[in-house]
Amino acid sequence: MPDIPPAPAATASGKGAVAAGRDNTGQITTGPQSPIYAPRLEPGSLLPTRQVQVSPHEPVRHLEAPRAQQFVGRAQELERLRTLLSGEEAPVVVRQVVYGMGGVGKSELVRQYAHTCQDRYPVAWWITADSLRNLQQGLAALATALHPPVGLIGDIEQAATWALDWLQAHPGWLVVLDNVEDPDDIRPCLNRLSAGHLVITTRRDVYWPGLTSLALPVLDSAPALDLMRAIIGQSQLLSPAQVTDLATIAAELEYLPLALEQAAAYMHQQRCSPTRYLQQLREEPARTHSRFPHGGEAERIMAKLWYHHLTALQDQDHRTGLATEHLLRVLSCYAPGDIPRTLLGDLPPGDHRPETGKGSEQEWEEELGVLASYSMIARSGVDDAETISMHRLFQSVIRHGLDYDNPRQHAARHTALTWMRQALPPDPASNVRGWPIWRDLIPHIDALASCHRHRAEPSELGYILSQAYIFTSTQGQHQRAHDLAKRALTIAKAAHGPNHPTVASSLGNLANSLRDLGRPGEAVPLEQRALVIAEAAYGPDHPDVAIRLGNLADSFCDLGRPGEAMPLFERALVITEAIYGPNHPTIATLRSALFRARHAR
């Protein structure tokens, strides 16, 4: 596909961006001096997996730190896990699945094991595997950490396969696949690995062939009470009657560890007695629980707590001038795990924050501290490497705790979109340094898109999805790129009408994705429509028209119709040379394409 610059236009920052052969939906600028850089693997730089060794003195590890303030009532399960994963000499996989309801502490049990036993493993890697896509991305990240040249392959599936090949060739590793939903997603791992420790956590109590199962029930009453008393700590000296009320609260919450921890954190932070808390819990309106007819028992339990946390945050925000509730709602718009601290930016215009005289950075820090004190979030890492996590069960409750059209929910989505737009690295096709940031942001872009109703999305989301399309396409994730381009086109049509230049760019992106999938016949009518829109909007000699001509010509070549492609390439060449001169890199690209078309006749 020829690299033809799109129309000059002002961006939000006023700086240039590179088209890199892809259409950038939205207002993107470029210039004749914009370089195109595509990294290449040097011959011999990608080693066979057996030649890539990891020294025990330089381990490769990516593990989640324990999050529980108090880890009680799980000694027997933790010891069993240690027994299953210890004392093994033969190079065979110990396949351990830990299952239980949401919030029961499956991941925390494995975090505790991995943290205390990490010195046994030169390679220890944690992957959030709640979808096949996330599993592949986690394996690809492992491959890149083991052998950085793998990161230049540009294909997530190939990199994931390399990781599995490496694991198969080297014993003595620990890989955790957290929150697996579908047994079929991990089938390639189970079929290929035979030398290491594979631990899987899941909510699904189904048949997991070839795996040793460890069921994790809710806590017993005694450790549940111990957990809550330990979190409340010395902030309250409980009378016997209050201890009885605390035990009743634990029973009301059905001994679910996440619910117990957050209820106790609330009582500790608010200096609320168990007696008063129990009264509030029982007075909670039934409508709170009815908001989750699709959820399981764990969601209904967590719904009981949301009202109390919400009221406490609103009261605190009123007293201090902070926006803690708003921040929590914004965080719930992203994926639950590994939210980069650097994603938090300034509030967009129109979002309300009381004036406090402090800068945004200080305010966010205070608010994060409040949320952590209520056990609503977990923080790991420091400074720019800090990440924020939220239990997916509690996140679901927050997302659905109010109606979609509630002004607070709308404001949270608006802030989340603005922060994401600000965080996107420029030039996703050619800015290689931005690729690691893109990989971190993609799960949060997916979650952000899921927060918006189809056909009611803001145009800002369409821009973000179009940029994500460019990145995923560059990485060889063609089906994923097609899905992003398709939704971005729907948003563009709804926001701008059918004849807007942004729609032309979106049509071009979708057509490009179809060609990448080997479906050029479906791409042609989209590119023809994009050409009509561009000519009507800009006139016949505009650089954006040259883009449409070149892409349509590429599709005709892919279909074996070079005779129809040649006049399109020729016209694109005339337009581009008139604007950028005869020495622009795009001219050479177009001349090469035209030469191939002529000799293919």
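Mentor: What follows is a short tour of a sheet, some loop residues and some aromatic rings. Keep in mind that this is a predicted model.

Trainee: Sheet first. What is the strand order in the open sheet with 3 strands?

Mentor: The order is β7-β9-β8, with antiparallel pairing. The edges are β7 (339–340) and β8 (378–380), each of which pairs on one side only.

Trainee: And how many bridges join β8 to β9?

Mentor: There are 3 bridges, and β9 covers residues 387–389. As one example, R379 has I388 in β9 as its bridge partner.

Trainee: What holds strands like that together, in general?

Mentor: Strands of a sheet pair through backbone hydrogen bonds, either parallel or antiparallel.

Trainee: Changing topic: loops. Where is D185?

Mentor: D185 is in the loop that runs between β4 (173–178) and α5 (187–192).

Trainee: Is D185 buried or exposed?

Mentor: Its relative accessibility is 13%, and the limit for buried is under 20%, so D185 counts as buried. Beyond its neighbours within four places in sequence, D185 contacts S131, L132 and L135.

Trainee: What about N179, what is its phi near?

Mentor: Phi of N179 is near 60°, which is positive in a residue other than glycine. N179 is also in the loop between β4 and α5, and at 4% relative accessibility it counts as buried.

Trainee: Which loop holds R271?

Mentor: R271 is in the loop between α8 (257–270) and α9 (274–283). It is not a glycine, yet its phi is positive, at about 55°.

Trainee: Now the rings. How many aromatic pairs does the structure hold?

Mentor: It holds 3 aromatic pairs. In one of them, Y266 and Y277 have ring centres 5.4 Å apart and planes at 55°, so this pair is tilted. Y266 belongs to helix α8 and Y277 to helix α9, so the pair ties together parts 11 residues apart in sequence.

Trainee: Are Y266 and Y277 buried or exposed?

Mentor: Y266 counts as buried at 6% relative accessibility, and Y277 counts as buried at 0%.

Trainee: Why is the pair of W438 and F471 called stacked?

Mentor: Their planes are at 10°, and the centres are 5.6 Å apart, so the pair is stacked. W438 lies in helix α16 (residues 435–450) and F471 in helix α17 (residues 459–474), so parts 33 residues apart in sequence are tied together. W438 is buried, with a relative accessible area of 0%, and F471 counts as buried at 2%.

Trainee: Last one: what sits over the ring of Y463?

Mentor: The charged end of R421 does, 3.7 Å from the ring centre.

Note on methods. Residues numbered from 1 in each chain as written. Predicted model: local features only at pLDDT ≥ 70, side-chain atom pairs only at ≥ 80, totals over all residues. Heavy atoms only, no water. Pairing = 2+ DSSP bridges. Helix = DSSP H or I, 4+ residues; strand = E, 2+ residues; numbered from the N terminus. Buried < 20%, exposed > 50% of the residue type's maximum accessible area, 1.4 Å probe, protein only. Contact = heavy atoms within 4.5 Å. Phe/Tyr/Trp six-rings, centres within 6.5 Å; stacked < 30°, edge-to-face > 60°. Lys NZ or Arg CZ within 6 Å of the ring centre and 35° of its normal.
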